[in-house]
Amino acid sequence: MAEREHNSKCRYGRYGKQKNGSYSMWDNLRYTFFHLAQKEGAGAFLICAGDGMCSILLPFLEAALAGAVTACLVSGRPSGEILFLVGGYILLLQTVRLLQGHLKALRHKTLFLFRCDMMMEFYGKILGMDTQCLESAQGQKKREAAKRNLYSGHSQGIEAYVENFWNLLLNLGGLFLYAGIVARTSLWLLVLLVSQTFLASALHLLAGRRVYAMDEEMEQEWKKFGYLRRESIVPANGKDIRLYRMDRWFVGALQQVIEKICKLTVKGQDGFLAAGVVEKLLTFARNAVVYGWLIRDMVLGNLALPVFLLYVGVVSGFEGWMGGLFDSVQQILQNKRLMDDYRDFMEYGSVEEGRAPVGNPGQPHELRLEKVCFRYEGSKEDTIHDLDLTIRAGERLALVGCNGAGKTTLIKMLCGLYAPTSGHIYLDGQDMQTLSRKEIFWEFAVVFQDCATFSFSLGENVSCVEKGREEDEKLQKSLADAGLLERAGKLPGGIWTSVNKDLDEEGVSLSGGEMQKLMLARALYKNAPIVILDEPTAALDPIAESEMYEKYDEMIQGKTAIFISHRLSSTRFCNRILYLEDGRIFQEGSHEELMAEGGAYAALFALQAKYYKQDTV
């Protein structure tokens, strides 16, 4: 049992993770700013620091402008000197305003580029992570949750997380500056300002938590809306929607989801509305007390007019700094969940892989399975049961059986995409868990039943490298041997014509048969010593399938080859046939032996045989 858990578990790196599965605020900040420095350099911090200093200085200079001008006017200085001082102050103010605007724009640009760079890290993780973990229900859920950290715009996710941390520092700086000025007049006045602003901000925090608590429910509704919107406008769905009168169904479902989203939105906004009303009442009461206090001191001669004007500006700005501070804290707390989800996914699937090189690379290999079992995540039963099997080097093996027999699962384990839940798979006697996955992948050419073509050029789809890095003669020969070179020559751009129109309006769509030839050409180009064909002709009719298998037969000379199918046209080329059912080997032997033996294989072959006879009438 211990071995089963060890082999099947998609592990975490656990860096900085707490017992409850989340990360501390400090650790998230450390993680974020480490990546900011790594991807954007020290200049990003200088830009943010400069923007912060200017953003603190600018409102103070604006608040002090009226008091400074008044002080000059009542100072008794010559008019020329007053004009010079006031002009110098305004010039300083405009210079800081210009610099602050430029630095703020640079900060937004830097943080946007940082989010883009993190997207590259995210997709690098997806493309390189363990296949078994990625395809699992848990892996897909974690991936979608992590994506929100990068694709929710600048107001949510990692960009907003960094932005609001800098805003937090900015508001703290402004708050300390203004608090120091107010404290010089009266500590009681400072306590009053802090208390009122604290109470108003706390009400907004509570309203924000209410919205945050509904975030998961809102996310589910938006997910439903996205699905319904997407499916309702897909052209391929138009036929069924119209013929079966599903339009009312879709409209009704969309209306229900939209109403639920509106209800949740209004419920969340009601909290902010109530907090806003209370805040306005508190502000009115505060202003009455504070301005009354300042006017009294000025009337009594305890406060000069320029100083009074300065304090009026400082008191007005104090609430802005305090409110900004609480808003930044609230935004950081709300975005913490997105950061947790992102880091959770980035550490998920960190399965340690072997580093040993593959012995005899490029040569036919023997594959041996000992007591191999496999169970999918969340399943109560194994898909593959206690399997013992040896595939000899250079042998042609057919795996046949009905859908759900476990054929594709077995193949994914053989080529290293999945790890057995228990048991071991050996490549020429080497345990595949100890081998480098990249080296294992080089030894396999696999054609799966769900053909993966990409919207790049035909040549790139075959060579699987970007244009200019391919071996031209090898590419031409692969296309010719697959029977696709003549068709490629008639395309507008030859072999460099794009497949599909996603990236190029001049791209071409391939027929089912051409897609199969493309997959054959890809396998020929790779020229790996182990060839696996996992129902690659499932979309073809039986006669076309038989013709395609004849081409595959030519390419596997001298290689270890495995044919997988629930149809039996491939068995004639194989030395040995395994009939799988419920993840177990039920029958084994050559075609003749299994036909003579009778049983499930013979019955299935007899049922299918008529489809492989060409009509000679």
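Tutor: The answer below takes the helix pairs in turn and then moves to single residues.

The model is predicted, so local features need pLDDT of at least 70 and side-chain atom pairs count only at pLDDT 80 or more, whereas totals for chains, interfaces and linings use all residues. Residues are numbered from 1 along each chain as its sequence is written, and side-chain values use heavy atoms, with hydrogens and water left out.

Helices are DSSP runs (H or I, at least four residues), numbered from the N terminus. Two packed helices are described by the angle between their axes and the distance between the axes. The axes are lines fitted to C-alpha atoms over the stretch in contact, and angles run from 0 to 180 degrees between N-to-C directions.

Let us begin with helix H2 (residues 25-40) and H3, whose axes come within 6 Å and cross at roughly 115 degrees. H2 and H3 are therefore roughly perpendicular to each other; angles of 65 to 115 degrees count as such, under 35 as roughly parallel, over 145 as roughly antiparallel and the rest as oblique. On the H2 side the contact (heavy atoms within 4.5 Å) is made by Phe-33, Leu-36, Ala-37 and Glu-40, and on the H3 side by Ala-42, Ala-44 and Phe-45. By class, this contact of H2 with H3 has 6 nonpolar, no polar and 1 charged residues. Here Ala, Val, Leu, Ile, Met, Phe, Trp, Tyr, Cys and Pro count as nonpolar, Asp, Glu, Lys and Arg as charged, and the others, Gly among them, as polar.

Helix H3 (residues 42-73) also packs with helix H4 (residues 79-128): their axes come within 8 Å and cross at roughly 155 degrees. H3 and H4 are therefore roughly antiparallel. Their contact has 25 nonpolar, 4 polar and 5 charged residues. The crossing of H3 and H4 is left-handed, a word used if the near helix is turned anticlockwise from the far one by less than a right angle, with right-handed for clockwise.

Further along, helix H7 (residues 158-185) packs with helix H12 (residues 305-347) at an angle of about 150 degrees, the axes being 7 Å apart. This pair is therefore roughly antiparallel as well. In the contact of H7 with H12 there are 21 nonpolar, 12 polar and 2 charged residues. The crossing of H7 and H12 is left-handed.

Next come the single residues. Cys-116 lies in helix H4 and is partly exposed, with a relative accessible area of 24%; buried means under 20%, exposed over 50% and partly exposed in between (1.4 Å probe, protein chains only). The C-alpha atoms of Cys-116 and Leu-150 are separated by 8.0 Å, although the two are 34 residues apart along the chain.

In helix H13 (residues 407-414), 7 of the 8 residues are buried, so the helix is largely enclosed by the rest of the structure. The buried residues of H13 include Leu-410, Ile-411 and Leu-414. Just after H13, Gly-416 takes a positive phi of about 90 degrees. Cys-415 is buried, at 3% relative accessible area. Its sulfur is 14 Å from the closest cysteine sulfur, in Cys-464, which is too far for a bond. With a disulfide taken as a pair of cysteine sulfur atoms within 2.5 Å, the count comes to 0.

Finally, Ser-463 lies in helix H15 (residues 458-463) and counts as buried at 7% relative accessibility. Leaving aside neighbours within four places in sequence, Ser-463 is in contact with Glu-470, Leu-475 and Tyr-525.

Terms used: Helices (H or I, at least four residues) and strands (E, at least two) are DSSP runs, numbered from the N terminus.
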